[in-house]
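My plan is to look things up one at a time and jot down what turns up.

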Amino acid sequence: MSVELRSKDEIRAEKRKNRTGIYLISPGLLVLTLFFALPVVVLLAMSLYVKPPGAEIGEFVPGFELSNYATVLSAYWPELLRSFWFALIATVLALLIGFPMAYLVAVRLRERTLLQGILLVLLIAPFFSSFILRTQAWKQILADEGFIAQSLKFIAILPPDGHLTATPFAVVAGLTYNFLPFMVLPIYANLGRLDTRLLEASADLYASPITSFTKVTLPLSAPGIFAGTLLTFIPAAGDYVNSALLGNNRDTTMIGQVIDSRFFKVIDYPGASALSFILMISILILVTIYIRRFGTKELM
Amino acid sequence: MKNIGRWLIPIIGGAAFIYLLVPIAYIFVFSFNDGGRANLQWQGFTLDNWLNPCGAPAVCESLVHSLQIGVVATVIATALGTGIAIGLVRYKFRFRKLTDVLIILPLATPEVVLGASLLAQFLNLGWELGYTTIVIAHVVFCMSFVIVTVRARVSSLDSRLEEAAADLYASPQAAFWKITFPLLLPGIVAAALLSFAMSFDDFIITNFNSGSFQTFPKFIYVSATRGIPPQANVIGSAMFIVALLVVIIGQVISYRRKKQLENA
C-alpha cells in the first residue's frame, strides 16, 4: 500500500490521471475566476471610487472613499432591513406551506404513484412558465376588482377602501409564491428517502403523532429543510421583481430596487456597488451563522 | 389529534397546490382574451392569439433571443460544469478548497449582486452590453447549479465499474465514453434542463448586463405597467405545456427503468 511499492508505470498513470483532472477543471475554473471572482473584486474597488469635483454624471475615478459606505448605509438601511425581514417571513411561510406539500407528495402519496407523479410534475413545471408573467398574473389576481379582494371585502376582512396590491402583504405573498418550489423540492427529495417504518416504530412505542413528528420526521428531514430555507431566503432577499410589481411604494421598496436605480437611473456606480457589497456580505454572514448553528447533524 | 394530523397535511398541501397553480391558470385563461394590448380585463374569447402568437410587436423577437441565449448558455455551462464535477470527484487537485468556494459562493450570492459585479467588470473592460455579456452572465450562474447537480450523480457512481472496464483492457477514453458517460447522462440532462429554465426565465442578472438588448422576461417586465399583450400569455402557457410534456416523458422513462431494474 505504501508509495515505494508502486511501479513507475503506476506513478506515470497516476500523473496522467491528474493531468486529465486539470484539463477537466481548468476551463470552468477560468470562467468562474474571470467572471465571478474578479468581478466581485472589481465591485469592491468600484464601491470606493470618488467623484472628482465638477465631474459629469456617471464620471468617477479610482480612489479609496470609505465614506461611500456610510452614505448609502445611512440613506438605505430601512430598505436593507426590510429586504431581510420580507425574505425571512417569506421563507418561514414557504416552509409552513411547503413542508406539508412535500410530505403529502413524498410520504402520503408514496403508494399512489400516478397522483404522486402528477403533483411532482405540477411542482416542477412552474419553473418553465415565466417568473415575471406569473408575478404579473398574481398582481392582477390580487387587484382591487379581482375576486380575492372583492371576497375579502364581502366578508369584511378587508375594509371597503382597502387594497391588497401595493402592500407589504402582496410583496411577501409574491415572494412566498415565487420561491415555494425552491423550498418544496429539496424537502421532497429528502422525505422521499424517509423510512415510514420508523414512524410505525415510534407509534408502537406510544409516541403521539406530534412526538413522532418532532422526534423522528423533523430531524430526519433537517437537511432538506436546511437546503430549502437557504434556496428561498437568499434569492428572496435580493429580489426586486416582486416588490416592484406587487408593491412599488415606500413601504415595500427592497434593496435590489435601490441598487438597480442607483446603477441605471441615478448613475451612482460607487453607491450602487457599496450597497451590493453590503448586501453580499450581510447574506454571507447570516448564512455562515445559520450554517454554524444548524448545519450539523444535531439540527433541531 | 391523530385525525387532525391526517387531514391537516392534505388540506394545507392541496391549498398550496392551488396557490401555486392559480396564476398559471390565469395566464392560460387570459391567453384567450380578445383584449389586444389591454389584457387586464376579460374582453371575450378568441383563438387569434394562439393562431398568431407573434401578432404583438417584439414578442417573438424577444422570445427568440431568450431561446438562443438559453441554448448557448446551457451548452457552455453544462460542458464546463460537468468537467468540473467529474474532475472534482475523481481526481486529486491542488486548488480543491478554493474551487469549492468558487462553486458555492455564486449560489450564496443574490442575483442582484452577481448582476452588479458583472456589470462593474464589463464597464471596466469597456465591453458593450448585449448578447455576449448576457451569455457570459448566464453561463456563470447556471454553471454552479450544473456542478452541484452533476457532482451528486458522480459521487453516487461506483468507480469499480470503470476499474472493471480497465481490467478488461478498455482505454481510459473508452471506459469514460462507454461506462461513465452513459451512467452520468441522466444527471447531465437534468442539469441542462434546469440550466435552460433558469437562463430562459432570468430577469435580474439579464437586466444588469443586457443594455438595450431585449429578452422575453425583460419584454414582459417593461410592458407590465401598460398591459402585457395576450400573445405573451400564449407563449407563457405554451412553455408551461412543453415543460409538462418534458417532465412527464422524463417520469415515464425513469418509471420504466425502475420496472426494468425490478424485473432484472
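**Salt bridges**

I began with A:Arg197 and A:Asp195, whose side chains meet in a salt bridge, N to O at 2.8 Å. This is a predicted model, so I read that distance as a computed one. Is A:Arg197 buried or exposed? I found A:Arg197 exposed, because its relative accessible area is 58%.

Next I looked up A:Asp268, which forms a salt bridge with A:Arg262, with 2.9 Å between the closest N and O atoms. Here I noted that A:Asp268 counts as buried, at 16% relative accessibility. A:Arg262 also counts as buried, at 17%.

In chain B I picked out the salt bridge between B:Asp100 and B:Arg151, where the closest N and O atoms are 3.0 Å apart. What does this pair tie together? B:Asp100 sits in helix H4 (residues 96-107) and B:Arg151 in helix H6 (residues 131-155) of chain B, so the pair links parts that are 51 residues apart in sequence. I wrote down B:Asp100 as partly exposed, at 29% relative accessibility. B:Arg151 is partly exposed too, with 23%.

Over all chains, I get a count of 4 salt bridges.

**Where the chains meet**

How many salt bridges are there between chain B and chain A? The count I found there is 0. The rule does find 8 residue pairs in polar contact across this interface, both residues at pLDDT 80 or more. Helix H1 (residues 2-30) of chain B gives the most to the side that touches chain A, with 18 residues. I sorted the residues of that side of chain B into 62 nonpolar, 16 polar and 4 charged.

I then checked the extent of the interface. In it, 82 residues of chain B are in contact with 82 residues of chain A. The two chains bury about 7400 Å² between them, and 80% of that is on carbon and sulfur atoms. Which residues of chain B lose the most area to chain A? They are B:Phe17, B:Tyr19 and B:Leu20, together 10% of what that side buries.

**A look at chain B**

I turned to the secondary structure of chain B and found 11 helices and 0 strands. Its C-alpha atoms fill a box of roughly 70 × 60 × 45 Å along the principal axes. Of the 264 residues in chain B, 48% are buried. Among contacts in chain B between residues at least 6 apart in sequence, 72% join residues at least 24 apart.

I also opened the UniProt record, an unreviewed entry, which places "domain: ABC transmembrane type-1" at residues 63-253 of chain B. In the model that stretch is 82% helix and 0% strand, with its end C-alpha atoms 29 Å apart. The record lists "transmembrane region" at several places in chain B, including residues 7-32 and 67-89. I found residues 7-32 to be 92% helix, with 37 Å between the end C-alpha atoms. Residues 67-89 are 100% helix, and there the end C-alpha atoms are 32 Å apart.

**One residue in chain A**

My last entry is for A:Thr135, in helix H4 (residues 131-142) of chain A. A:Thr135 is buried, because its relative accessible area is 1%. Leaving aside neighbours within four places in sequence, I found A:Thr135 in contact with A:Asn178, A:Val241, A:Asn242, A:Leu245 and A:Leu246.

Key. Residues numbered from 1 in each chain as written. Chains lettered and ligands numbered in written order. Heavy atoms only, no water. Contact = heavy atoms within 4.5 Å. Buried area = accessible area lost by both parts, 1.4 Å probe. Polar contact = N/O pair within 3.5 Å; in protein donor to acceptor, adjacent residues only side chain to side chain. Helix = DSSP H or I, 4+ residues; strand = E, 2+ residues; numbered from the N terminus. Nonpolar A, V, L, I, M, F, W, Y, C, P; charged D, E, K, R; others polar. Buried < 20%, exposed > 50% of the residue type's maximum accessible area, 1.4 Å probe, protein only. UniProt positions renumbered as here; feature names shortened; annotations may be inferred.
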